[in-house]
Amino acid sequence: PDVLASVGTPGVMALKNATRAIPIVMVASGDAVATGLIAGLAKPGGNITGSTFFGKELMLKRLQLLKDAVPGVRRVAVLVNPDNQTTESNVRAIIEAEKPLNIELLRIDVRRGSDVVPAFQTMRNKKASAVALSEDAVLYGSAKAIADLALDQRLPAVGFTDFADNGGLLGYGASFLEMFRRAGYFIDRLLRGEKPANIPVERPTTFDLVVNLETARALGIK
């Protein structure tokens, strides 16, 4: 192929490990500098360019929105995939939010879709009062199941925008639709012969907030 493209840090990392010659476009990848995919935003170096978002800031914003919507929330279960290269830096960042938001964070690892039901059993045992989702393909694929289980246990939940579309209370995140559209811009430049090392990596400028009013009514939240 003349150009490779992938969504998400694990996918882009797999491509990077497979080739240092073929240009790679990150359609959307979390914390590309922190994970070592690129050297910097202005001069990415290597054979990768595209769009990156910063998961730590997104998670902090989600926790703030959750607390604003449901002030009584105290123990928040945070679903993360430990196999995602961005997880550890994101977890360290959100732990810093515990004190200012007056919450206690409960980390729960979800490596595959089959881990979702046991994750909610853990939440019940540890008396979690809300759920927050990190940015990860496994959680994207399990969004409907997570939203249904959260509603069944009457837990307010926040995640990416599609999560609210699938029944979660709140969704907040970068506009992936815009980043997919923008990927065409990078691919076009690469097909015209430009080097990925010289094409600055971009951060999204459009963010969406979605509130699922049906779920809010079911939870008794105004």
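How many Å² does the accessible surface of the protein chain come to, and what percentage belongs to carbon and sulfur atoms? I looked this up and found about 10600 Å², with 52% belonging to carbon and sulfur atoms. The areas come from the Shrake-Rupley method with a 1.4 Å probe, and for residues only the protein chains shown count as cover.

**Ground rules.** I note that this is a predicted model, in which local features need pLDDT of at least 70, side-chain atom pairs count only at pLDDT 80 or more, and totals for chains, interfaces and linings use all residues. Residues are numbered from 1 along each chain as its sequence is written, and side-chain values use heavy atoms, with hydrogens and water left out.

**Whole chain.** I counted 10 helices and 9 strands in the protein chain; helices (H or I, at least four residues) and strands (E, at least two) are DSSP runs, numbered from the N terminus. The radius of gyration is 18 Å, close to the 17 Å of the globule rule for 222 residues, so the chain is as compact as a globular protein of that length. That radius is taken over C-alpha atoms, and the rule is 2.2 Å times the number of residues to the power 0.38. I read off a C-alpha trace spanning about 55 × 35 × 30 Å along the principal axes. Of the 222 residues, 53% count as buried (under 20% relative accessible area; exposed is over 50%, partly exposed in between; 1.4 Å probe, protein chains only). Of the contacts (heavy atoms within 4.5 Å) between residues at least 6 apart in sequence, 69% join residues at least 24 apart.

**Sheet.** I followed an open sheet of 3 strands, ordered β1-β2-β3 with parallel pairing. β1 (4-7) and β3 (48-53) are at the edges with a single partner strand each, so one side of each lacks a neighbour in the sheet. Neighbouring strands are turned by 15 degrees against each other on average, direction ignored. β1 pairs with β2 (residues 24-30) over 4 bridges in the parallel sense; a pair needs at least two DSSP bridges. I checked Val7 and found Ala28 of β2 as its bridge partner.

Helix α1 (residues 9-18) packs on the sheet and touches β1, β2 and β3, its direction making about 145 degrees with that of β2. Helix α9 (residues 176-191) also packs there, touching β1, β2 and β3, at about 155 degrees to β2. Axes are lines fitted to C-alpha atoms, for helices over the stretch in contact, with angles from 0 to 180 degrees between N-to-C directions.

**Ser175.** I located Ser175 in the loop between β8 (170-174) and α9. Is Ser175 buried or exposed? Ser175 counts as buried because its relative accessibility is 7%. Leaving out residues up to four places away in sequence, Ser175 touches Thr206, Phe207 and Asp208.
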